[in-house]
Structures are given as C-alpha cells and as structure tokens.
Amino acid sequence: MKTLAFAFGFAFASASAPATAQFVGKVSDPVEWVNPLMGTASKPEMSNGNTYPAVTVPWGMNLWTPQTGKMGNGWAYQYDADKMRGLKQTHQPSPWMNDYGQFSVMPVTGGKRFTEDERASWFSHKAETSKPYYYSVYLADSDVTAELTPTERAAQFRFTFPESDKSYVVVDAFDKGSYVKIIPGQRKVVGYSTRYARGPLPSNFRLYFVMVFDKAFTSTDVWRDKELVEGALEMESQHSGAIVGFKTKRGEQVHMKVASSFISAEQAELNLQRELAQDDFDTTRARAKAAWNNALSKVEVEGGTIDQMRTFYSSLYRMVQFPNKLYEVDAAGQPVHWSPYNGKVLPGYLYGGTGFWDTFRALYPFLNLVYPSINREMQAGLANAYREGGWLPEWSSPGYADIMVGNNSASVVADAWIKGSRSPDIETLWQALKHGADNEGPMSAVGRAGVKYYNELGYVPFDVKINENAARTLEYAYDDFAIYQLGKALGKPESEIGIYAQRAMNYKKLFDPETRLMRGRNKDGSFQAPFNPVKWGDAFTEGNSLHYTWSVFHDIDGLVNLMGGRAAFVDKLDTVMSMPPTFDDSYYGSVIHEIREMQVANMGQYAHGNQPIQHMLYLYNYAGAPWKSQYWIRETLNRLYKATPDGYCGDEDNGQTSAWYVFSALGFYPVTPAVGQYVVGAPLFQHATVHLENGKQLRINAPGNDAGKRYIRSAKLNGRAIQRNWLGHDEIQRGATFDVEMSAQPNQQRGIAPADAPYSFSRAEAAATSPKR
C-alpha cells in the first residue's frame with residue numbers, strides 16, 4: 001500500500017505541473033491582494049470557510065459585515081445571496097458560535113421600510129467592493145451606495161443618496177432587549193443591544209452605541225418589533241430601532257460616524273471622539289489600510305503565482321482578526337474592560353472570540369513567532385479572565401462557552417512563555433493552568449470533564465457517559481505535557497511538576513495494539529466494542545479514530561514505537577491518505593458538514609477541513625520519509641485553498657486553518673506547540689521574509705521553486721548544510737537564512753536518520769536522564 005500510494009502521488013505531481021507560470025515579485029501593498037470574500041460561499045451543510053467579509057483593523061474590538069442573513073442567523077453573509085438586510089457590527093467568531101455585541105444600519109428610500117425583510121435590497125457582486133479596510137455596495141432597490149471604513153472601536157459610513165424627500169437610515173438594535181434614542185439637536189442616535197448567542201453572561205451585558213450624522217434630520221421615528229411609532233424619539237423594548245430621515249439631492253453624500261462600547265454610553269462617546277475626532281471618511285480609510293499593510297507586511301512572499309499570492313495574504317488577513325480586543329481605553333489613556341465573567345468594569349486587557357481547541361495548534365504559535373507583543377496583551381487578558389471568573393476560558397464568546405473539548409489553554413500559555421512572550425502575570429497563569437488541569441469546571445468545556453477518572457485510570461472511560469472521551473484523554477495528555485514544559489521553564493520543582501510528565505504519557509492507555517489505532521476504553525480496562533475506525537463522534541470529537549490516532553503532538557516517537565516501528569508508522573500514514581472516504585455517521589444520525597467536506601476533497605480519510613488531523617502530513621518527518629510530507633503538504637496547499645468564495649475546505653476557525661496554510665507555504669509548521677521547534681515541510685514560494693519584532697529576519701530562499709518542484713533536494717541554514725527536519729525557534733529569533741533547493745524528484749536519502757527527526761518527549765526525557773560520558 002505504501003508503494004502504491006506514493007507512486008500515485010508522484011505521478012499526480014508530475015502531471016499537474018504547468019508548462020508555464022506567471023510569478024509575482026515582492027508586493028508593496030499586500031492588503032490589496034486580500035479577498036475578504038474567501039470562504040463566504042458556505043452553508044450549514046457544506047462549509048467552504050464559513051467566513052464573512054470582515055471590515056475591521058487587525059485585532060479590532062469591532063468588525064463590520066454586510067448582512068444577507070436574517071437576524072440571529074449565524075450565516076450572516078452568504079456569497080450566493082442576492083439581497084442585503086443591513087450593514088452589521090459584529091463580533092461573531094464563527095456561525096456555530098453566532099454573535100454578540102451587534103446592531104445594524106441600513107439606508108432606504110421611498111418609505112419607512114424598517115423590518116429586515118421590507119428594507120432588504122437586491123445587490124450584486126458586480127457593484128460590491130470588499131476590502132479589509134473598506135466596503136462598498138450598491139443597494140438597487142433604494143438607489144443608494146453605502147460605504148464603510150473602520151477603526152478599532154468605531155467606523156465611518158458614507159451613503160450616496162438619490163434625489164428624494166424620503167431618504168432614511170434605519171437603525172436596528174436587534175431583539176432580546178434593546179434601546180434607542182434620537183437626539184435631533186445633535187444629529188445623533190444612541191442606544192444599546194443585549195443580544196448574545198453564547199452564555200452565560202452577567203445580566204448587565206450591553207453593547208452601547210452612538211452614531212452622529214453630518215446632516216440634520218427632517219424626520220425622526222422609532223419602532224418596536226413591526227410597529228412604527230411616528231415622531232417618537234425613544235424606545236426601549238424587546239426589539240427596538242430608529243429611523244432618521246433626510247431630504248437629499250441626487251448624488252448627495254450623508255456621512256455617519258459610529259462607535260460602541262461594552263462599558264457605557266459615555267465610553268462609546270469617548271471611543272468616537274478618540275478614534276474618529278475630526279477625521280473625514282477618506283482619512284479613516286487611509287489609516288485602516290495602513291494598519292492592514294503594517295500587519296500583513298511582517299511576512300513578505302515573492303515568486304509565487306497570482307493565485308498563491310492572493311491566497312497567502314487572504315489567509316494572513318483571517319489570522320489577525322481573532323481573538324479581538326474586548327478592552328477599551330479610558331479617559332486617562334489606560335486599558336479597561338467590562339468583564340463577561342463577573343459583570344464589572346475593571347482595569348487591564350481582555351480579548352475574546354476564539355476557541356483554543358482550534359487555535360492552539362498553529363494560530364497562537366504564529367502570534368508568538370511574528371506578533372509576540374499582541375500575544376503578551378492576550379496573555380494578560382487570560383490572567384484577568386482567571387481572576388474574574390475563576391477559570392481560564394477554552395472558548396470565549398465573549399465569556400465562557402460550553403463547546404468543544406480539551407484543556408488547551410495550557411498550550412496557549414506555555415507556548416507563549418517558552419517562545420519568549422513573557423507575561424508578568426505568569427505566576428497567576430501557572431496557578432490557573434494547574435487549577436484547570438486538576439478540577440472539573442462549571443461546564444464540560446471549562447476545566448476537565450472526567451478529571452477524576454483521568455487522574456485515577458489515565459483516561460476518561462468510554463462507558464461513564466462522558467461524551468468524546470477518547471478525544472478528551474488525548475488532548476489532556478498533550479496539555480499535561482504543555483504544563484510540564486512550562487513548569488520546567490519556570491524552574492518549578494519536580495515534586496510539583498512530575499505528575500504532569502507522567503500524565504503526558506496517558507495517550508498510551510488508549511492505543512489498541514490489535515488495530516494499532518486509538519480506541520475508546522471502558523472503566524474496567526476493556527476496549528470499546530464494537531469498534532469502527534471510520535465512525536465519527538462517539539469517543540472522538542468531530543472526527544474518527546483515523547484522525548485522532550495522531551493526536552500525540554508531543555511524543556511522535558512514542559507513537560512510532562507503539563505502532564511497531566518506522567515502517568509500520570509510515571504504512572499507517574499512507575493508509576489514511578489512500579483509503580476511500582467511507583464513514584459511519586450513526587453517532588450524529590446524519591452526515592455532519594465535516595464528514596461531507598472530507599468526502600468531497602478526494603484525499604482518502606484525510607479530513608483537512610477540521611483541525612484534529614491537520615498536523616498529520618508532517619509526521620512522515622519523524623519516521624524517515626520526509627519526502628512524503630513534502631508531497632502531501634504541497635498537494636493540500638494546491639488543492640484545498642484558493643482566494644475564492646469557495647476557497648477553504650471546511651471551517652476557517654478563527655485563523656487556524658489559515659495558519660496551517662501560511663506556515664506551510666513558508667515551509668514549516670509547529671507540530672508541537674510548547675516546544676521551540678518547527679517541522680520542515682515544502683516551501684511554496686521562491687522567496688519569503690519574516691520580519692521579527694526584535695528587528696531580525698527569517699529569510700527562506702527556494703530559487704526556481706514552482707508547481708513541478710515539491711521536494712527538498714538539499715537545505716542549508718545560515719550557509720551550513722542540514723539534514724534535520726526541523727528549525728529551532730531560538731535560531732530563527734537570532735536571524736536566520738534557510739536556503740532550500742527544490743526538485744521534481746524526491747530525495748529519499750535526506751532527513752531519514754533517527755537523529756534528523758523533530759522533538760519527541762520520550763526521546764528528550766531519555767536523553768536527559770541517560771548517563772553522561
């Protein structure tokens with residue numbers, strides 16, 4: 001099977017190489033290569049990204065999106081839609097999490113059409129401009145062009161109206177309890193929304209907003225539900241809104257400035273004044289564009305095709321949206337936040353809108369490599385979350401959310417510290433990690449569900465009514481490794497941290513030697529039966545045993561040994577790629593979208609559209625077959641990503657799937673977060689430069705690289721030939737040049753020695769305890 005799989009792969013690579021390709025040199029304006037519509041052709045049954053075109057600035061508190069879906073629909077913008085209901089402020093991290101801190105505006109003409117169906121207008125992508133820093137759309141039914149451009153906590157709108165005595169802007173504060181007030185003398189509308197999808201949140205949760213127009217109102221009305229209250233200026237109800245009217249000439253532009261706050265109406269006003277002041281629309285747009293170019297230009301790539309350049313920068317754009325800032329800046333210039341954990345307004349940083357189950361894998365390691373200063377703020381925010389709520393969040397939206405499994409905050413904290421993002425709150429975070437690892441939380445996704453079983457048996461049993469138990473066990477074992485790594489880095493005594501080193505090996509408890517796969521295990525020690533390796537869910541989370549067997553991020557050598565050695569390990573990897581995409585969906589009762597996305601990708605059982613298996617392609621590097629990693633990584637880069645509305649192969653979860661692409665296109669990937677190594681893959685571009693915050697640079701050179709050359713023939717680091725299949729974080733931080741000679745033929749002699757393999761915990765521990773000679 002190994003020979004057949006590889007022969008097929010090599011033939012495909014040779015056949016797919018184009019005769020000619022147009023390569024792009026260095027770009028000076030990377031934001032213009034971004035397509036925010038990448039991934040928007042999605043629906044619940046099939047995710048091609050599940051994204052929306054976010055108009056924001058990097059890590060901005062607020063995002064804006066055109067809204068085609070109805071209020072409360074997580075699919076806020078779908079590329080195939082043809083009607084628009086509003087321009088919405090959003091904090092939605094994914095459609096499955098839905099939204100919070102939201103309201104919308106919509107220009108209309110001809111009548112006071114304020115319900116979301118009545119005000120909806122036909123639009124076309126032919127009359128739509130979508131950029132990270134600017135959005136414009138022609139609303140055909142009202143003959144209005146609407147434009148917006150953002151700051152971190154505010155935005156500017158520009159509405160170009162026709163000639164009409166009945167030009168309006170509708171403000172929708174959404175249902176679940178909301179308030180609006182019109183202040184005609186100040187050309188202002190204020191209000192708040194309380195709608196949120198995930199909880200629990202303190203009862204005083206509100207998103208306050210203020211908007212100021214540059215034209216006096218000719219009419220003022222408020223509304224509740226479907227009832228217009230003409231001439232009224234204020235409304236508090238389950239679903240409140242406002243309508244302000246103007247008399248306009250054809251082509252007349254009405255400008256609106258808007259800001260919001262989770263803290264208070266007064267803070268919203270302060271945010272408006274601080275971030276917009278006297279700036280006009282074009283000034284704000286220029287500043288937003290500059291902010292994007294500053295963030296995106298930290299990584300420069302050249303020598304790729306037009307499509308590759310677009311895909312790379314569109315993916316990087318996704319990576320620096322979440323988690324977004326939840327903190328604001330008070331009148332004294334200090335960070336301050338409303339806490340979703342206790343409802344108080346407190347000093348300091350806070351971030352939200354991300355799930356560590358997804359993002360611990362590559363998104364946070366990328367922040368630690370390229371944007372460590374922003375992650376230091378995020379680490380401070382995590383410490384505040386622990387102080388305020390008693391637990392670290394594993395999914396914040398904006399507070400604790402009961403979804404997914406694992407205790408992966410351990411990885412997020414440990415990776416930051418080990419890679420140099422040193423938080424002054426590290427002792428608080430250390431206590432938080434231990435607390436989360438040793439206790440069940442207030443919900444199953446916080447702390448560790450089944451921790452008593454895990455600590456006593458070494459695994460969460462299959463038969464004790466704790467769902468997705470094998471996935472929990474495997475992730476807890478890696479998380480224990482991350483805690484141990486952090487403890488060592490902090491100089492904690494062995495008496496305190498030794499237990500985590502022991503528990504890091506708990507993955508072995510689920511390995512079934514008969515099938516050589518991970519398998520649910522009962523309380524009495526027997527394995528789950530019957531067992532179907534392609535059954536999704538049940539003991540696993542959004543995947544099957546073929547996906548989760550590789551979730552031993554920290555000890556691949558140990559997994560190799562369990563499987564019977566390197567050849568058997570490589571055979572098992574090959575099997576995943578060559579099997580038909582059959583599945584058993586009986587646990588769910590229907591085909592969930594993650595299954596469908598694996599099925600249609602035609603890459604065997606490899607389910608790249610979901611996170612658990614994304615690192616698997618790099619594992620050939622640990623078993624003496626790095627050229628197979630190179631083949632499949634390039635295959636995935638080429639086949640499953642493109643800067644188009646259907647350009648992802650599953651959920652683009654808060655930058656994680658994009659981070660796989662960006663790391664892999666550069667030529668390396670953090671298989672083991674909380675370890676200072678990156679596993680080498682296959683560079684996509686001829687040249688890349690990563691500008692590090694310490695002033696140093698990482699340069700990756702692969703001259704002559706193209707679609708027909710996906711294999712590494714030879715490599716040099718700082719001018720010296722290397723055989724090993726990894727790069728060190730510390731050597732990158734000192735400034736490094738990685739020169740790679742690419743080839744159309746695999747070099748089956750390079751990187752094959754056991755010493756060339758990347759880090760594994762059992763090997764590292766054995767080396768540390770062996771007698772020194």
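What is the handedness of the crossing of α18 and α19? The crossing of these two helices is left-handed, a term for a near helix turned anticlockwise from the far one by less than a right angle, clockwise being right-handed.

The model is predicted, with local features needing pLDDT of at least 70 and side-chain atom pairs counting only at pLDDT 80 or more, while totals for chains, interfaces and linings use all residues. Residues are numbered from 1 along each chain as its sequence is written, and side-chain values use heavy atoms, with hydrogens and water left out.

Helices here are DSSP runs (H or I, at least four residues) numbered from the N terminus; axes are lines fitted to C-alpha atoms over the stretch in contact, and angles run from 0 to 180 degrees between N-to-C directions.

| Helix pair | Angle | Axes apart |
|---|---|---|
| α8 (residues 372–389) and α10 (residues 426–438) | about 60° | 9 Å |
| α18 (residues 626–640) and α19 (residues 656–666) | about 125° | 10 Å |

Helices α18 and α19 are therefore oblique to each other, oblique being what remains after roughly parallel (under 35 degrees), roughly antiparallel (over 145) and roughly perpendicular (65 to 115). In their contact (heavy atoms within 4.5 Å), I633, T636 and L637 of α18 meet W660, Y661, S664 and A665 of α19. By class, this contact of α18 with α19 holds five nonpolar, two polar and no charged residues.

Helices α8 and α10 are likewise oblique to each other, and α8 passes α10 in a left-handed crossing. Here Q379, L382, A383, Y386 and R387 from α8 meet T428, L429, Q431, A432 and H435 from α10.

Technical notes: Nonpolar A, V, L, I, M, F, W, Y, C, P; charged D, E, K, R; others polar.
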